[in-house]
Amino acid sequence: MSTGNMNLTLKVWRQKNNKTKGALVDYKLSEISPDMSFLEMFDVLNEELVNKGDEPVVFDHDCREGICGACSMFINGRPHGPKDLVTTCQLHMRSFKDGDTIVVEPWRAAAFPVVKDLMVDRTAFDRIIASGGFISVNTGNAQDANALPIPKSQADAAFEAAACIGCGACVATCKNASAMLFTSAKISQLALLPQGQPERYRRAQSMVAQMDAEGFGNCTNTGACEAECPKGISLENIARMNRDFYSAKFVSEEEV
Amino acid sequence: MAEINANIPEGELTEKWTKFKSSVPLVNPSNKRTIEVIIVGSGLAGASAAATLAEMGYKVKCFCFQDSPRRAHSIAAQGGINAAKNYQNDGDSTYRLFYDTIKGGDYRAREANVHRLAEVSTNIIDQCVAQGVPLAREYGGLLDNRSFGGTQVQRTFYAAGQTGQQLLLGAYSALERQIGMGKVEMFTRHEMLEVVKIDGKARGIIARNLITGEIERHFGHAVVLGTGGYGNVFYLSTNAMGSNVTAAWKAHKQGAYFANPCYTQIHPTCIPVSGDHQSKLTLMSESLRNDGRIWVPKKKDDTRKASEIPEDERDYYLERRYPAFGNLVPRDVASRAAKERCDAGYGVGASKLAVYLDFKANTERYGKIEASKAGNHNPDKETCMRLGTEVIKAKYGNLFDMYAQITGENPYDTPMRIYPAVHYTMGGLWVDYNLMTSVPGLYCTGEANFSDHGANRLGASALMQGLADGYFVLPYTIGQYLSKEISVKAIPTDHPAFVEAEARAVGILNTLINIKGTKSVDYFHKKLGHIMWEKCGMARNEKGLNEAIQEIRALRADFWSNVRVPGASNEMNPELEKAGRVADFIELGELMCIDALNRNESCGGHFREEYQTEEGEALRDDVNYAYVAAWEFKEGVNFELHKEELKFENIKVAQRSYK
């Protein structure tokens with residue numbers, strides 16, 4: 001069994017709800033094991049707070065396997081912390097040093113209002129999907145799956161775009177709080193597949209319109225989203241989305 | 001002990017579902033518009049049911065406790081989904097999928113349900129592909145398949161190690177489409193706390209808005225629970241942190257029978273526990289067993305590194321014991337075999353509670369093939385390993401990365417260390433053929449019900465059941481009930497039954513807040529988990545189970561006098577949410593032990609040490625225990641047993657053998 005020997009200072013954003021102001025609060029932690037995940041370290045902090053009769057820090061987390069996309073912490077100025085291609089739940093304390101001070105904040109974006117402490121409201125993402133991030137097919141009567149051969153390279157490219165977990169790191173790290181990496185990943189996935197063609201241009205228009213309506217900013221091709229995405233979603237998707245969006249204005253039979 | 005009726009249609013097994021679909025009463029489209037259905041849970045079963053019922057014209061309200069339906073725990077499933085497509089021309093068929101599932105479940109599942117599952121499995125793949133789910137393809141553009149445990153055909157469809165994610169996002173997008181059209185009203189960050197019953201029928205729920213703490217009343221002509229499994233009763237499991245039993249347990253307390261609670265699947269390939277700080281366990285997909293060979297040293301307490309142990313000093317115990325299935329034996333068999341080796345002193349790693357999952361042989365083999373493709377027919381070992389590693393990376397890269405991240409070891413260089421862990425619960429609310437619980441109008445789908453897996457679940461069959469229930473079964477079967485409810489007008493939520501149910505829910509919340517004890521919720525959860533794992537885990541015996549029941553009762557008393565829940569109930573309060581869930585886990589834990597104690601046999605995930613063959617395999621008692629144990633909740637946390645006899649008319653019940 002591993003024993004903990006790390007001593008840490010945490011500066012954690014505490015905010016009661018979206019109507020009150022928040023502030024960074026200092027906490028000292030000792031005997032942290034390098035094998036703990038970052039969230040397990042927070043469990044230790046919360047256990048201490050509860051034992052003192054204080055309210056624990058609220059944060060979003062669920063699967064702790066890096067796939068549900070719930071965890072959302074800004075750690076020392078980076079979403080999901082210092083390592084590339086991992087979510088906070090898969091970040092381990094061995095990535096830090098004994099004696100470190102770690103600053104933890106919620107995602108920063110007007111379209112992601114703080115719910116409490118480190119938890120933010122990301123339902124804007126769902127509304128973007130509801131505006132067109134699907135193929136309009138009802139249950140039942142689909143043709144045989146192999147009746148529609150899809151070249152492997154195309155299927156793989158669609159899968160890579162589909163790997164987005166909707167965590168919002170791209171928005172949080174973008175200076176404009178743009179949701180273009182998220183939105184373009186879904187648009188790409190469906191645009192790369194034959195099933196997605198009938199609604200392709202309509203989809204691009206309606207999803208972009210919803211993204212704008214939610215208050216996300218524009219893309220300036222800085223690339224921070226791609227650099228910080230825990231799933232390595234590529235900027236190429238944004239290029240593809242832009243192309244489809246502009247094409248829509250020419251080829252689409254209808255304006256959405 | 002009363003018998004219960006599963007309402008299985010008459011007729012030949014292969015005809016039952018077709019006939020049922022053609023003869024089930026329909027609801028006229030104009031009536032569908034006025035009928036409201038509540039769906040709790042938005043995973044594969046919940047989201048697919050919500051989308052499909054909305055497409056059919058019903059008014060749907062869907063609830064989930066996460067911030068988005070896309071985060072339901074179905075998303076974490078890795079390996080794949082089975083379907084009897086026979087695309088590989090290796091002899092697969094509906095009957096073979098049905099047979100493998102019944103046998104894999106150790107003859108403790110219902111034939112009619114499992115056959116229906118096998119029948120609709122092919123439609124699921126078609127449906128998902130039509131939605132744009134990017135399942136893996138071969139170069140010719142056709143779908144690819146791989147093998148999973150307990151079968152000898154390749155029928156598993158997959159999307160790298162993220163099959164659950166892709167299937168869930170498919171169902172989620174279908175659900176969001178209906179939300180966008182205003183046909184589903186979605187309530188995220190809501191937890192169901194009570195079922196509302198009027199004249200014996202489920203007519204709504206009480207839910208708590210987790211952001212504001214407000215208690216809400218919601219009416220529905222019928223209520224569907226698709227709330228997942230209860231593996232978190234063990235504290236450490238592969239489940240998401242939020243996975244809980246509350247909705248199902250509250251339904252149980254209102255009259256829904258709880259079936260086979262003691263059947264817990266222990267998954268054989270999990271990253272071992274590294275310390276007592278650990279909050280959860282992480283799976284390494286069963287698909288890895290396609291290319292990984294499992295072994296331990298032949299010498300006890302061998303402290304050498306894996307690379308220093310020569311080939312002839314390694315015990316490939318699965319291949320030795322089960323030559324026909326080898327590393328692809330079902331999960332319960334593989335888990336017990338790993339425990340047996342570790343208990344006997346052959347475990348590896350610091351804790352000695354681990355075995356090796358080694359990819360070296362297959363990496364080399366793949367490398368040789370790759371070299372040969374490139375015209376090099378006599379490659380050296382290093383070339384083979386380099387080329388083979390690329391192949392392994394393409395197949396399982398994300399899993400290897402995950403392993404490296406968690407353990408700090410590089411699995412490309414050294415074998416993975418794995419150990420069994422609590423994964424999936426085959427027990428759940430009892431449902432009849434229609435997926436209706438013993439409360440009229442209350443339905444249960446997916447992992448939350450008990451119906452399709454028997455005492456053990458084969459790999460790649462949970463995703464199949466979730467989507468089968470949600471897309472293809474429930475939307476038909478619920479019509480049988482709703483067709484008789486068309487004249488029922490929406491019942492106002494000031495009805496006394498709603499008031500009373502709300503009072504029950506609020507009463508529990510207030511009690512929890514006001515105990516103001518000294519011990520945290522997690523303290524109790526960890527204690528419960530320890531009792532359950534030690535005494536109702538991979539192996540159980542009469543003495544241990546009796547002790548566990550007493551310990552759990554004492555823990556329950558301690559919980560209700562000494563738990564500390566900070567904060568208030570009228571605000572966001574995750575500690576309060578957890579407290580309510582742990583209170584339910586404590587009661588369920590007792591029932592799991594009672595059920596395990598009652599079942600004087602071993603089957604699937606339920607291994608009673610008193611009942612085993614000379615070779616250490618599970619020893620069933622088909623004469624006395626070929627039944628579903630359905631427990632009825634009685635006042636004061638007592639339980640009464642009802643039995644549903646299992647009849648095997650199409651399959652010859654036999655000792656399970658994978659040799």
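Figure 1. Five salt bridges are counted between chain B and chain A (a salt bridge is a side-chain nitrogen of Lys or Arg within 4 Å of a carboxyl oxygen of Asp or Glu). One of these joins Asp60(A) to Arg189(B), with 2.8 Å between the closest N and O atoms. Side chains of opposite charge can pair when their charged atoms come close. Between the two chains, 43 residue pairs are in polar contact, both residues at pLDDT 80 or more. A polar contact is a pair of N or O atoms within 3.5 Å; within protein, one must be able to donate a hydrogen and the other to accept it, and residues adjacent in sequence count only if both atoms are side-chain atoms. The structure is a predicted model, in which local features need pLDDT of at least 70 and side-chain atom pairs count only at pLDDT 80 or more, while totals for chains, interfaces and linings use all residues. Residues are numbered from 1 along each chain as its sequence is written, chains are lettered from A and ligands numbered from 1 in the order in which they are written, and side-chain values use heavy atoms, with hydrogens and water left out.

**Figure 2. The contact surface and the confidence of the model.** Chain B gives 80 residues to the contact and chain A gives 76 residues (contact means heavy atoms within 4.5 Å). About 6100 Å² is buried between the chains, and carbon and sulfur atoms give 52% of this area. Buried area is the accessible area (1.4 Å probe) that two parts lose on being put together, summed over both. The predictor gives the complex an ipTM of 0.97 and a pTM of 0.97. Chain B has an average pLDDT of 96, and 100% of the residues score at least 70; pLDDT is the predictor's confidence in each residue, from 0 to 100.

**Figure 3. Helix H14 of chain B.** Helices (H or I, at least four residues) and strands (E, at least two) are DSSP runs, numbered from the N terminus. H14(B) has 16 residues, 521-536, which at 1.5 Å a residue should span 22 Å; the end C-alpha atoms are 21 Å apart, which agrees. The expected span is 1.5 Å times one less than the number of residues. Among the buried residues of H14(B) are Phe524(B), Leu528(B), Ile531(B) and Met532(B) (buried means under 20% relative accessible area, exposed over 50%, partly exposed in between; 1.4 Å probe, protein chains only). The buried residues of H14(B) pack against helix H1 of chain A, and against helices H15 and H16 of chain B.

**Figure 4. Asp291(B) and its partners.** Asp291(B) sits in the loop between strands E11 and E12 of chain B. The relative accessible area of Asp291(B) is 2%, so this residue counts as buried. Its side chain makes a polar contact of 3.0 Å with that of Lys395(B) and another of 2.7 Å with that of Tyr396(B). Other residues touched by Asp291(B) include Asp358(B), Phe359(B) and Arg365(B).

**Figure 5. Two salt bridges within chains.** Lys116(A) pairs with Glu55(A), the closest N and O atoms being 3.3 Å apart. The two residues are 61 residues apart, Lys116(A) in strand E6 and Glu55(A) in the loop between H1 and strand E3 of chain A. Lys116(A) is buried at 5%, whereas Glu55(A) is partly exposed at 29%. In chain B, Arg581(B) and Glu577(B) form a salt bridge of 3.7 Å between the closest N and O atoms. Both lie in helix H16, four residues apart, about one turn of the helix.

Note on methods. Lists of a residue's contacts leave out its neighbours within four places in sequence.
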